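User: I am new to this structure. Please walk me through how to read its features.

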Amino acid sequence: MAIYHVVLFKLKPNTPQQSIDEMRAAGEAMVGVVPGLRSFYFGPPLASTSQRAQGYELGLIAILDKEEHVLAYGPHPAHQAVNKIREAIAAETLAYDLEVPDVA
């Protein structure tokens, strides 16, 4: 099993691409630093289905080993650095965690 931490973002007006790139880099840098964080994916919705995104312009999926890792992920200093960028660029954020079976 793994935990998928899914977060969607509605950006503040005129958010510079540099800030988005900074958030992506900081998120990717957490892998191997935050205990239990397997992988980190970040980007916009597919153009072909973006009309269903309800104004959310970016999303991320962080895949973690266990629920206890999710609970430790939030306060971890590497995540706090990402969170600081998020606060600067996101007008709204929606987070959702779910347990998913490992794919063999």
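User: Is the crossing of helix 1 and helix 3 left-handed or right-handed?

Analyst: A note before we start: this is a predicted model. The crossing of helix 1 and helix 3 is left-handed.

User: How do I describe two packed helices in general?

Analyst: Two numbers describe packed helices: the angle between their axes and the distance between those axes. Here, helix 1 covers residues 17–29 and helix 3 covers residues 77–89. Their axes come within 9 Å and cross at roughly 160°. Helix 1 and helix 3 are therefore roughly antiparallel to each other.

User: Which residues in helix 1 and helix 3 meet?

Analyst: From helix 1 come S19, I20, E22, M23, A26 and G27. Helix 3 meets them with V82, I85, R86 and I89. By class, this contact has six nonpolar, two polar and two charged residues.

User: Now the sheet. How do strands pair, and what is the strand order here?

Analyst: Strands of a sheet pair through backbone hydrogen bonds, either parallel or antiparallel. This structure has an open sheet of four strands in the order 2-3-1-4, with antiparallel pairing. Strand 2 (37–43) and strand 4 (90–100) are the edge strands, and each pairs on one side only. On average, neighbouring strands are turned by 15° against each other, direction ignored.

User: How many bridges join strand 2 to strand 3?

Analyst: Six bridges join them, and the two strands run antiparallel. Strand 3 spans residues 58–64. Take one example: F40 has A62 in strand 3 as its bridge partner.

User: What about charged pairs? How many salt bridges are there?

Analyst: Side chains of opposite charge can pair when their charged atoms come close. The count here comes to five salt bridges. One of them joins K10 and E92, with the closest N and O atoms 3.9 Å apart. K10 lies in strand 1 and E92 in strand 4, so the pair ties together parts that are 82 residues apart in sequence.

User: Where is E99, and which residues does E99 touch?

Analyst: E99 is in strand 4. Leaving out residues up to four places away in sequence, E99 touches M1, A2 and I3. For N14, look elsewhere: the C-alpha atoms of E99 and N14 are separated by 35 Å. Along the chain, E99 and N14 are 85 residues apart.

Methods
Residues numbered from 1 in each chain as written. Predicted model: local features only at pLDDT ≥ 70, side-chain atom pairs only at ≥ 80, totals over all residues. Heavy atoms only, no water. Axes fitted to C-alpha atoms, helices over the stretch in contact; angles between N-to-C directions. Parallel < 35°, antiparallel > 145°, perpendicular 65-115°, else oblique. Left-handed = near helix turned anticlockwise from the far one by under 90°. Contact = heavy atoms within 4.5 Å. Nonpolar A, V, L, I, M, F, W, Y, C, P; charged D, E, K, R; others polar. Pairing = 2+ DSSP bridges. Salt bridge = Lys/Arg side-chain N within 4 Å of Asp/Glu carboxyl O.
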